[in-house]
Amino acid sequence: MPGKRRFPLRCRFQLAEHATDDALTPAEVRVLRLIAEGNANKEIAAQLSISEETVKGQVRNILSKTGRQ
C-alpha cells in the first residue's frame, strides 16, 4: 500500500516473538502488533488515539527492549 513502510517479514516475526515478553508494556505490545500488521506510525497513532511522537517513542522502547537497536 502506498505510503506504508513495511518491516521485512523476518523482522516482523522476530519482533512478534517478543510481543508477550514481560518487559514490554501493554501499550508497547499494542503498537508492536499494529506494526506487525504493516501499519505506519501515523496510522497507529490514529488507531490508538495517541500522538505520532508517542508511537515513535514506544517503537524506540520496543527496539531497545528486544535488542534490535
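1. Let me start with the core. The largest nonpolar core has 11 residues: Leu24, Val29, Val31, Leu32, Leu34, Ile35, Ile44, Ala45, Val55, Val59 and Ile62. A nonpolar core here is a set of buried Ala, Val, Leu, Ile, Met, Phe, Trp, Tyr and Cys residues joined through side-chain atoms within 4.5 Å. Helices H2 (26-36), H3 (41-48) and H4 (52-65) each give two or more residues to this core, and H2 has the largest share, with 5 residues. Buried stands for under 20% relative accessible area, exposed for over 50%, and partly exposed for what falls in between (1.4 Å probe, protein chains only).

2. A word on what we are looking at. This is a predicted model, in which local features need pLDDT of at least 70 and side-chain atom pairs count only at pLDDT 80 or more, while totals for chains, interfaces and linings use all residues. Residues are numbered from 1 along each chain as its sequence is written, and side-chain values use heavy atoms, with hydrogens and water left out.

3. On the overall fold, the protein has 4 helices and 0 strands, and the pattern along the sequence reads α-α-α-α. Helices (H or I, at least four residues) and strands (E, at least two) are DSSP runs, numbered from the N terminus. Of the 69 residues, 32% count as buried. The accessible surface is about 4600 Å², and carbon and sulfur atoms hold 52% of that; the areas come from the Shrake-Rupley method with a 1.4 Å probe, and for residues only the protein chains shown count as cover. Taking contacts in the protein with a separation of 6 or more, 51% are between residues 24 or more positions apart, where contact means heavy atoms within 4.5 Å.

4. Back to H2. Its buried residues are Glu28, Val29, Val31, Leu32, Leu34 and Ile35, so note that a glutamate is on that list under the cut-off of 20%. After H2 comes Gly38, with a positive phi near 95°.

5. Next, how H2 packs on H4. The two axes come within 9 Å and cross at roughly 95°, which makes H2 roughly perpendicular to H4. For the record, axes are lines fitted to C-alpha atoms, for helices over the stretch in contact, with angles from 0 to 180 degrees between N-to-C directions. Angles under 35 degrees count as roughly parallel, over 145 as roughly antiparallel, 65 to 115 as roughly perpendicular and the rest as oblique. From H2 the contact takes in Ala27, Glu28, Val31, Leu32 and Ile35, and from H4 Val55, Gln58, Val59, Asn61, Ile62 and Lys65. By type, these residues split into 7 nonpolar, 2 polar and 2 charged. Ala, Val, Leu, Ile, Met, Phe, Trp, Tyr, Cys and Pro count as nonpolar, Asp, Glu, Lys and Arg as charged, and the others, Gly among them, as polar.

6. Gly57 also belongs to H4. Gly57 is buried, with a relative accessible area of 16%. Gly57 and Glu28 are 29 residues apart in sequence, yet their C-alpha atoms are 9.5 Å apart.

7. Over in H3, have a look at Gln47. With 47% relative accessibility, Gln47 is partly exposed. Leaving aside residues up to four places away in sequence, Gln47 touches Leu34 and Asn39.

8. Ser49 deserves a check of the backbone. Ser49 sits in the loop between H3 and H4 and has a positive phi of about 55° although it is not a glycine. Most residues other than glycine have a negative phi. Ser49 is exposed, at 67% relative accessible area.

9. Finally, the two ends of the chain. Cys11 lies in helix H1 (residues 9-17) and is partly exposed at 23% relative accessibility. Arg68 is in the segment after H4 and, at 35%, is partly exposed too. Cys11 and Arg68 are 57 residues apart in sequence but 9.5 Å apart in space, C-alpha to C-alpha.
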